[in-house]
Each structure stands twice: as C-alpha cells, then as structure tokens.
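Subject: Structure for you, with notes

Hello,

Here is the structure I promised to pass on. My notes follow below it.

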Amino acid sequence: MMVSDCPEHSGSKVGQVNQQLRQAYDANFKLNSEPKKTDLEMPMVKEKLTVILKAATSKKLTDKCVSTYLKKRNEGLSITRAVIQLKALEIAKELGIPPTEFKASLGWCRRMMRRNGFSLRRRKSLAQRLPSDFMEKLLSFQHYVIGLRKKHSYPLDQMGNADQRPVFFDMPTSATIHKKGEKSVIVKSTGNEKSRVTVMLACLADGTKLPPYVILKSKTVPKEGIPTGIIVCAQKKGWMETELVVDWLKVVWGRRSGPLRNKRNMLILDAFRGHLTSPVKEQLRAMNGDLVIIPGGMTSQLQVLDVVVNKPFKDNLRKRYTEWLLSGNRTLTPSGKIQKPTVSLLCDWILQAWAAVPPESIINGFKRCCISNALDGHKDDILWEELVEPKHEPSEAEDLCEE
C-alpha cells in the first residue's frame, strides 16, 4: 500500500484543505443573509439568533472602546475597575444598547481585562502591629466604658467617636489597570502628594454624622466659596492643636442633639497629645461630657472611625479625585502640569465622601468596638467581674481620661 493511499494521511490532508477554505463571517453578514428553510419553519430560532448576535456585537464594540480608553494609562493616569464599568455604561448608552442587555458587571470587567491582557496592580502596605499587652488593654478599656455607661446611662445619640485624618490634594490609587509583565507602573498626579488638609470627622452611636471640620495649612481661609455643611479654619502648620480641639468641641460637638438640655455625653478619642490637655478636658467637662481615651496601639480595634469609616471615606474621596483627573474639568499651570484641585472642590469631595458612609456601618462599628452594646441580656458584665480583681487598680484608660 502506498503512503498516499493511507486513510489517515489522506484524512489529514483533507482537514488541512478544509481549514484553509473556511471563512469567518461577522454578525452583520449573518443577520442580513437569507434564512434557511429550517429557519422559516422555526421563526423563534431566527429571533433568538438575532438577539444573541446583537448582544455579542455590542459587547465586542464595548470591549474595543474600553480598551481604547485604557490607553490613557500611557499618560500615567490611574484607572480602577469602577472607572472602567462607568465608562463602559456610557459607551453602551451611546451605542443604544439597553441596560437589560449590558450591565457592565464586575464579572464582565474581569473577563474584559483578561481578554485585553490587563491586571490589577496594587501597592502593598504594612498593617498596624498590636501591642504585646493587647488583651489587657482591651479589657481595661471595655471595663471602663461599661462602668461609665452603667453610671450615666448615655443615650445612643450622646456617645460619639472623633478622629482626625489627613486628606491630600493628590490621591493616586494604590491599584491601577496595567499591562501584565511590566515592572514599571507610572501613575500621573498633579505633583502635590505632600499638600494636605486635616479633617476631623465625628459620628454618634445612633449613626449620626457630625459636620466635617477642615484645617487648612495656611494663615487665612481662602475667600473662594466654601460649600455649606462643612467648617473650615486655618492653622499655620495644619495641625489639630489644643485651641482647635476646643473650638471643635464648641462648634461641632456642641451641634449634636441634646447639648441645650445639658445631657450627659461620652466622647471617645485616641491618645493624641492634643486631646489630653487641660483646656480640652475642662471644655468637655463644662459640656457635661466624659472623655474616654483609647490606649496607644489599639485604634485599629477600638476606634470606630478606623474600624468601619475611614476606608469607605477614603475610597469615596479617591473615586471623586480619579474622576476629576480623567475628566476635562481641570486647568493646567503655565508649565503644562495639572493644577491641583481648589480648596472649595476638595471640601466638596469631603462632603460627598462623608455623606456616602452608610449610618448602618457606624452603628455596627460602635457595637464591634463594644461601646454601644446592650448591657442587659449579655454575659459581658459577668466576664468583667470574673477578670477584674476585687481591689480596683486605676486602668490606663482612667489614667488618661482623668487629671
């Protein structure tokens, strides 16, 4: 038998010829082609095929548009998956694709990234290390808070937590969409990574959010329009010093419901030295308040704002900054660099980010930190009674809170 007569070899050649003769037809050609007899006999098949091909064509066009949009990474702009999803919905609307056919879900975003060779690149950060005497400090703090609550029976709207955090004029994301395998990932900014303001945020155990208190690193407050609902002051170094803490107590803490009726209240702060001065304690005492200080190294476990608020607040801020950076609503310096956002715009972002924090998260945060848990029906009191010795020794929380 000759080799050419072998069925296996002849079949292989036929397969190769068929592969060369095959042609690819796009969706438009298939939609406009004459229907077969079987299609005429089964109209539902044609209708379903039309829907599927239209959806596939729309998704391919959207993928192509989004991939083109991602080329902005070459300019050093940071792009997140949320930005991709928003942009995809805009493109789908322009193409007339109904929302029922395309929702730009997170799953679609991940698949699109894989198809186009993109991955999420993230900066790494070190977590806070808990102190070696973590359990001792935790029990001491919670025992002190429970003792105050038993003594004064604070309502939920009279128990609060406040904390200051920096907000920078430049907020590049810690993760961006970029090509796989590249070692260097450049993110464009306005060059003001060190320019910042200090924001004092405060919330109550019933979920209420008090107005943000912004401290500018300046001698005077700018004359540009500041949005309502936020308090802005100036300090040469932009720090929350004693005078500003006292001012915050008067203009922010005093705005909550109940001060006019002189209700007993409890304010929880961290161990920042500006919170421990005599003027601060005297002012709070004059407002019929009790000061509770979180022991050092324990804010990640006992600071409500650290536990449930700061991350969504920071994420919302960065989202608005990224949208502004990608938009055309920004001005350039004479040298061609992007000019940093104005104080008014930054304050507007702070207000929006603060408003986006759900009250339910704050309520749960106070419970997670064992500050607002119901005192009846729980075994917490029994636990404290078993752990605390009969002879009472002043705890670190009491040493910090009392003169």
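In what order do the six strands of the open sheet run? The order is 6-5-4-2-7-8, and the pairing is mixed. Strand 6 and strand 8 are the edge strands, each pairing on one side only. From one strand to the next, the twist averages 25°. Please keep in mind that this is a predicted model.

**The chain overall**

The chain has 15 helices and eight strands. Of its 403 residues, 40% are buried. Take the contacts in the chain with a separation of 6 or more: 74% of them involve residues 24 or more positions apart. The exposed surface comes to about 23,800 Å². Carbon and sulfur atoms supply 54% of that surface.

**Strand 5 and its partners**

Strand 5 covers residues 213–217. On one pairing, strand 5 meets strand 4 (residues 196–204) in the antiparallel sense, over four bridges. There, Thr 198 stands opposite Ile 215. On another pairing, strand 5 meets strand 6 (residues 231–235) in the parallel sense, over five bridges. Val 214 has Val 232 of strand 6 as its bridge partner. Lys 217 has Gln 235, also in strand 6.

One point of background for reading the sheet: in a regular strand, side chains alternate between the two faces.

**Helices against the sheet**

Helix 11 (residues 304–326) lies across strand 2 (159–168) and strand 4. Its angle to strand 2 is about 35°. Helix 12 (residues 343–355) packs on the sheet as well. Helix 12 touches strand 2, strand 4, strand 5 and strand 6. Its direction makes about 25° with that of strand 4.

Asp 290 sits in strand 8 (residues 289–293). Is Asp 290 buried or exposed? It counts as buried, because its relative accessibility is 11% and the cut-off is under 20%. What does its side chain meet? The side chain of Arg 264 makes a polar contact with that of Asp 290, at 2.7 Å. Beyond residues up to four places away in sequence, Asp 290 touches several others, including His 152, Tyr 154, Asn 265 and Leu 284.

Gln 158 lies in the loop between helix 7 (134–152) and strand 2. Its relative accessibility is 0%, so Gln 158 counts as buried. The side chain of Gln 158 has a polar contact of 3.0 Å with the side chain of Arg 256.

**Helix 9**

Leu 284, one of the residues that Asp 290 touches, belongs to helix 9 (residues 278–286). The buried residues of helix 9 are Val 280, Lys 281, Gln 283 and Leu 284. Seen down the helix axis, these buried residues fall within an arc of 165°, so they line one face of helix 9. The general rule behind this kind of pattern: an α-helix has 3.6 residues a turn, so residues three or four places apart point the same way. Just after helix 9, Asn 288 takes a positive phi of about 60°.

**Other positive phi values**

Most residues other than glycine have a negative phi.

- Ala 104 is not a glycine, yet its phi is positive, at about 50°. Ala 104 lies in the loop between helix 5 and helix 6 (106–115). It is buried, because its relative accessible area is 3%.
- Cys 370 also has a positive phi, near 55°. Cys 370 lies in the loop between helix 13 (359–368) and helix 14 (380–387). Its relative accessible area is 27%, so Cys 370 is partly exposed.

Which residues does Leu 89 contact, leaving aside neighbours within four places in sequence? They are Phe 102, Lys 103 and Ala 104. Leu 89 lies in helix 5 (residues 81–94). With a relative accessible area of 38%, Leu 89 is partly exposed. Pro 99 is ten residues from Leu 89 in sequence. In space the two are 8.3 Å apart, C-alpha to C-alpha.

Best wishes

How values were computed: Residues numbered from 1 in each chain as written. Predicted model: local features only at pLDDT ≥ 70, side-chain atom pairs only at ≥ 80, totals over all residues. Heavy atoms only, no water. Helix = DSSP H or I, 4+ residues; strand = E, 2+ residues; numbered from the N terminus. Buried < 20%, exposed > 50% of the residue type's maximum accessible area, 1.4 Å probe, protein only. Contact = heavy atoms within 4.5 Å. Areas by Shrake-Rupley, 256 points an atom, 1.4 Å probe, with all protein chains shown as cover. Pairing = 2+ DSSP bridges. Polar contact = N/O pair within 3.5 Å; in protein donor to acceptor, adjacent residues only side chain to side chain. Arc of directions from axis to C-beta. Axes fitted to C-alpha atoms, helices over the stretch in contact; angles between N-to-C directions.
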